[in-house]
Amino acid sequence: MSLWLTAIVFIPTLGALLLLVFPETQGKLIRTVTFIVMALDFAISLPLFFLFDASSPNFQFMEVYEWVPSLGIKYILGVDGISLLLVLLTTFLGPIVVLGSTSIKKSLRGYFGAMLILQTGMLGTFLSLDLFLFYIFWEVMLIPMYFLIGVWGGVERIYAAVKFFIYTMVGSLLMLVGIIWIYFNITIPDVGHTFDYLALMEHTRNMPLPVTAQLWLFAAFALAFAIKVPMFPFHTWLPDAHVQAPTAGSVILAGVLLKMGTYGYVRFAMPMFPEGVDYFRPLMLTLAVIGIIYGAMVSIVQVDMKKLVAYSSVSHLGFVMLGLFALTPEGVTGAMIQMINHGLSTGALFLLVGVVYDRRHTRMIAEYGGIAKIMPWYAAVFMLVMLSSVGVPGLNGFVGEFMILIGTYETAPLAAVLGASGVILAAVYLLWMYRRVFFGEITNPANKSMPDLKIAEWASLLPLIVFIIWIGVYPNTFLSKMTVAIEHFLK
């Protein structure tokens, strides 16, 4: 039994411990070591993609060890077609966020240490197949993100960090209550009480839980995940967290952390409590549609570029939830690939907003205008990423949104039609923002001296651009890895 997945999860933690060796004054060395650790983690995770057997719905590269046998707690890691691309997205963004952290000047050891611990928490959450272990990693994510916002964030960072912490903690405690209920109320023959996800899934398929229990458990898990997504009306922590977080924190928050909520639905809430899915499905579809339209309309009136991108996440994650609760192969597959697309496109948008913020220290749209004349490469890259977020054919966003709408129309045509309006509204707020920032005359003299993209900025953006185009042109490279797993999920 290999320790491959364990290495992927804990190499960042070892890197964080390694940073303790270096004095705070050696900032360049701390950055370099962090980048090497993140790049090594990505390199080790990459063979998963090529060695993964896409024809099997089962978990692969499994690691199973007894952890606390007296309580039925095991250390179980595994990856299937649903978690594979999310793991690779997480390790892929690791080196990119290090490159995107050039504006961080204070307490570098603590900053990058928190980044590395956060990486372990995120990877562990995607790979855990024991409910107790999953909860541990879920909570581990909360602490470093709290410090990244609260210490290295903007002017109102403390308010945003506390709000993020309270919202997430409330949801986590509800999920913990559900996990404890499952532990004490399910007894598996020859096993007893356990947190083993696979054993619990097999048992509940043969002996489903009472309907009332499923409804309450689904509600507990669904609320925890809805806060993390975040779904309307639990979204209010997100814009504050995004705006106050440093650029790299926003990239990780949008690119990976929000996917924890949608992943939680696919992995736990939906397969474990099918009666809850049937009962709450109309409500979930309704909230998803409201989120799509509300997030887009609020984005239209934003005067801060970063807050506009933050509210766009509410809209785009609404599409993901719409696809999941369509309960069709096309809808769920579209939702899964849209998780990846959102991580790439919105992550790139936050990096791009960070580029001009580092130069001018303002994100107000009114402060700019005409900068395409002095930053043509920046304007070109921004347009490509912006169009991918809109969902233009040939780029990644179109693939996910098209599949979601097709899949949703099969089972909920009204939701699909209303949700499609989000595509139009996305074009409105993104194209209008682009026109005001990049076109026209340069009226602010401070904008005339801004340099175009630098080497480090190109290095962080080019990998994202490659996959934005790749998924848009030939999505089957990635869709083929999840097809069988999603078919098994929908049985």
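Predicted model: local features only at pLDDT ≥ 70, side-chain atom pairs only at ≥ 80, totals over all residues.
Me: Salt bridges first. How many are there?
Reply: There are 8 salt bridges in the structure. A salt bridge here is a side-chain nitrogen of Lys or Arg within 4 Å of a carboxyl oxygen of Asp or Glu.

Me: Which partner does Asp196 have?
Reply: Asp196 pairs with Lys74, at 3.6 Å from N to O. Asp196 is in the loop between H6 and helix H7 (197–206), and Lys74 is in strand E2 (residues 73–79), so this pair ties together parts that are 122 residues apart in sequence. Helices (H or I, at least four residues) and strands (E, at least two) are DSSP runs, numbered from the N terminus.

Me: Is Asp196 buried or exposed?
Reply: Buried, with a relative accessible area of 11%. Buried means under 20% relative accessible area, exposed means over 50%, and partly exposed is in between (1.4 Å probe, protein chains only).

Me: And what does Lys163 pair with?
Reply: Lys163 meets Asp240 in a salt bridge, 3.0 Å from N to O. Lys163 sits in helix H6 and Asp240 in helix H9 (residues 237–244), so the pair ties together parts that are 77 residues apart in sequence. Lys163 is buried at 17% relative accessible area. Asp240 is buried at 18%.

Me: What about Glu367?
Reply: Its side chain meets that of Arg360 in a salt bridge (3.1 Å, N to O). Glu367 is partly exposed at 30%, while Arg360 is buried at 16%.

Me: Switching to rings. How many aromatic pairs?
Reply: The structure holds 41 aromatic pairs. One of them is Tyr146 with Phe147, edge-to-face, at 5.4 Å centre to centre and 75 degrees between the planes. Rings of Phe, Tyr and Trp (its six-membered ring) pair if their centres lie within 6.5 Å; planes under 30 degrees apart count as stacked, over 60 as edge-to-face and the rest as tilted.

Me: How exposed are Tyr146 and Phe147?
Reply: Tyr146 is partly exposed at 26% relative accessibility. Phe147 is partly exposed at 40%.

Me: What geometry do Tyr434 and Phe439 have?
Reply: They are edge-to-face, 5.5 Å centre to centre, with 80 degrees between the planes. Tyr434 is buried at 4%, whereas Phe439 is partly exposed at 44%.

Me: Where does the charged end of Arg436 sit?
Reply: Over the ring of Trp432, 3.8 Å from its centre. A charge sits over a ring if NZ of Lys or CZ of Arg is within 6 Å of the ring centre and within 35 degrees of the ring normal. The charged end of Arg363 sits over the ring of Tyr357, 4.9 Å from its centre.

Me: Ser45 next. What does Ser45 touch?
Reply: Ser45 touches Ile8, Leu88 and Thr91, leaving aside residues up to four places away in sequence. Contact means heavy atoms within 4.5 Å. Ser45 is in helix H2 (residues 27–51) and is buried, at 0% relative accessible area.

Me: Back to H6. Where is Ile158, and is it buried or exposed?
Reply: Ile158 is in helix H6 (residues 157–185). Ile158 counts as exposed, at 52% relative accessibility.

How values were computed. Residues numbered from 1 in each chain as written. Heavy atoms only, no water.
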